[in-house]
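Hi everyone, thanks for making time this morning. Let me put the structure up, and then I'll walk you through a few parts of it.

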Amino acid sequence: MDLDDTPEQAAYRAQVRGWLDEHKREAPVLQGEGALQDEDEIIAARRVWQGKLAEGGLAGVTWPKEYGGQGLGPIEQVICNQEIGRAQVPGILDAIGVGMLGPTIIAHGSEEQKTRYLGPMLHGDEVWCQLFSEPAAGSDLAAVQTRARQQDDGSWRLSGQKVWTTNAQFASYGLLLARTDADVPKHNGLTMFVIPMDAPGVTVRGLRQISGEAEFNEVFFDDVALDESALVGGVGNGWGTALTTLMFERVTIGLGSEGLGYNSARFAAAIAGDAAARRDPEVRHKLGEIASELMAVRFTGYRTLTALQRGQIPGPEAGLAKVTIVKGAIAAGDLIADVVGPDALAQDSQWAYMISFLPGLKSAGGTEEILRNTIGERVLGLPPEPRLDKGIPFSELRSKEGAAA
Amino acid sequence: MNLALSDEQVFLREAARGALSRLPTVEAAREALDGNPDALPDLWPTAREAGWPGLLIDEAHGGAGLDAFDAMLVLGECGRVLAGVALLGHLPATAILSASSPEGDAPGAEQYLADLASGERRAAYLPAQPPDDVHENWSTDPASGFQRGSLPTVGVGGRDLDQNGRVPVSGSFAFVPDAPGADVLIGVAEQGGKPVGVAILAASSPEGDAPGVTIEPVTRYDATRSLGHVTLEDAPAVVLDCPEESLAGAWHLAQSLIAAESLGSVETALDVTVAYAKERHTFGRAIGSYQAVKHALTEVLRQLENGRSLLYYAGWARTGAPGEFPLAASAARSVAGRALDDAARTMISVHGGIGATWEHDAPLYFRRAQLSRRLLGGTAGATDRVAGELLRQAA
């Protein structure tokens, strides 16, 4: 049992650290003195920085070499993330594209699509967004209603709405899950498309959250024209293609969770300065409970890495870690604000931001309820709940749902 | 990066499971509560045969030379079947003795360690909490109430009591795991304002005579847990040449062992309850298909997995990062203790009324949870130490 790098991993770490030592002065400053303020400038600077990271081999670590990646494994990705964190420079701007959508195109895209899209994606020249969730299709993603209809000339027309779309306001392309056949059961009638975000009929609107900031968008499609080259993975195969993306999403979140900054040392530091609080039994008890669980998540991450390193699929601990992180951070936010008082809720307070962010994070990437269903069924082997949508054509579902209600 | 069991560790765990499966430990737990304590099997011969008494003693002294994580694996198996193997008392005691420099003029010290390694003799650890960021002094569990006790003291001026260089120690310890029947008691006493390690022969040792040592067996709620109130009145003690961090380390080791034992009990509680939730039907479907039941069970799994991760942390830290061992072991105890509380209650409630009846096993796991939570400084004490360690580091 050890937490050490193997000689090969140590050599890779040294190589990454060496590159960062040499280039970190070129990174955009996002926090503290001299930080960039203008949103457009920040995005522009981060695009350039992603290009440099790609040149240095620090972006697309797990991508195959033929597409500009390094052909390495998840452990090297984690080492790279750790070193980027250690150097206190921003990571890649388009983590969604490079982490999830690029790998989906590599798995399911045509040769033309790979040649056209992957290079500019990796270098940050073209940012991507994930157009999956809708107002009525989140946890039940296969219920998407955005409709693509094929025209007589083979082209497609697309109408509908997506939501929770990170980076849509400056993305060049999106990977979009649409319904192409409503007369078959819902998982069978889906198709994946590439959509240019500047196509006529695409409207992006910022979606402000509790904090007042808009980290997500709503995206509207009004009779958008797409040609056949926009299809990814073939007509009717959208669900399988989407599952590939979601698998990479879990890996990306699983390997990057330390980066959220919800750790026990940071929370303890917020309380340690208060002489009364640090001796208060109730404060200590709450802090101890929260911190124990968050420390567990750190070692759960190491267990996940051990499994990946051995070529195994990570166990249930990986999926439950997100529940623990969110639960722990919510409790920590409450505790810290109780100790600090209303100043913790001041406009520029890091705690106000965290407290505002967490209620939404609880549902991000699948609600806590759907996650517990999945783990209860897949890991504990508990029977699923009876479903009303199995084997029923999508077009008939709405009326059935109405009848059941 | 390697946080997986080695082949040897898998073997150790499977061998423990096999050895314990041959004994009716769970049934005996119920019978003992019914007024038949003789129903509890003597598990020490099983432990000796498997080499568990010497797990933490080096090979030169006849032990296995293994580390805390290996011991945790064995305790986990004990917890699965509520087996009262006297390791919770024995292993931290051997850790103190192993960390002590043998006295040049103490004949037989080496042999003593070998006897503890083979299980020929059995030791019990006298639990005492090391100081933390709020409490300056060592303290002991009270026999009753909230006020913690202080360490026993080495007699006036620390004068020698006898020709063997032994000194008189007076004081008391409450709810000492595995004290009844132990040959030797090993723990911490205060000598001239400083903590020192002490070893005290108990009456049941082959030497027989143990003046000044009284061990009153006590049973509380869970008959599988052998406990004793220990009173020392000028009891003759050998002062051990043991560094203070190793004395503190024994406390943290005990925390990690009871954590592992608790998680073993959680595993059984979860397995049994999941099986029932699959087979019991209401309103035309298995109750495990209802979200309310499914989510309660995944909550137990969540806490179990967190506890497992912290056992790895504690197991790694004891030798890999000794400065973090107090934090890691306390965190493991905190999470494991709460996991067992929740698992035992969930076990009862998912089983419905039957889960709260005498014939069912659920009450036995519930009893184990209730008592464990309040031993060795308590789950809450470990939780407080997690906060204390972090606040100290942050300051």
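Let me begin with a term: I call two residues in contact if their C-beta atoms, placed from the backbone, lie within 7 Å. Helices (H or I, at least four residues) and strands (E, at least two) are DSSP runs, numbered from the N terminus. This is a predicted model, where local features need pLDDT of at least 70 and side-chain atom pairs count only at pLDDT 80 or more, while totals for chains, interfaces and linings use all residues. Residues are numbered from 1 along each chain as its sequence is written, and chains are lettered from A and ligands numbered from 1 in the order in which they are written.

So, chain B. Which residues of helix 6 (residues 109–118) are buried? They are B:Tyr112, B:Leu113, B:Asp115, B:Leu116 and B:Ala117, where buried asks for 20 or more other C-beta atoms within 10 Å of a residue's own, again placed from the backbone. These buried residues pack against helix 5 (87–98) and strand 1 (123–126) of chain B. Just after helix 6, B:Gly119 takes a positive phi of about 90°.

Now the interface between the chains. Chain A puts 47 residues into the contact and chain B 43. On the side of chain A, helix 8 gives the most, with 17 residues. That side has 25 nonpolar, 11 polar and 11 charged residues; here Ala, Val, Leu, Ile, Met, Phe, Trp, Tyr, Cys and Pro count as nonpolar, Asp, Glu, Lys and Arg as charged, and the others, Gly among them, as polar.

Notes:
Buried ≥ 20, exposed ≤ 12 C-beta atoms within 10 Å, placed from the backbone.
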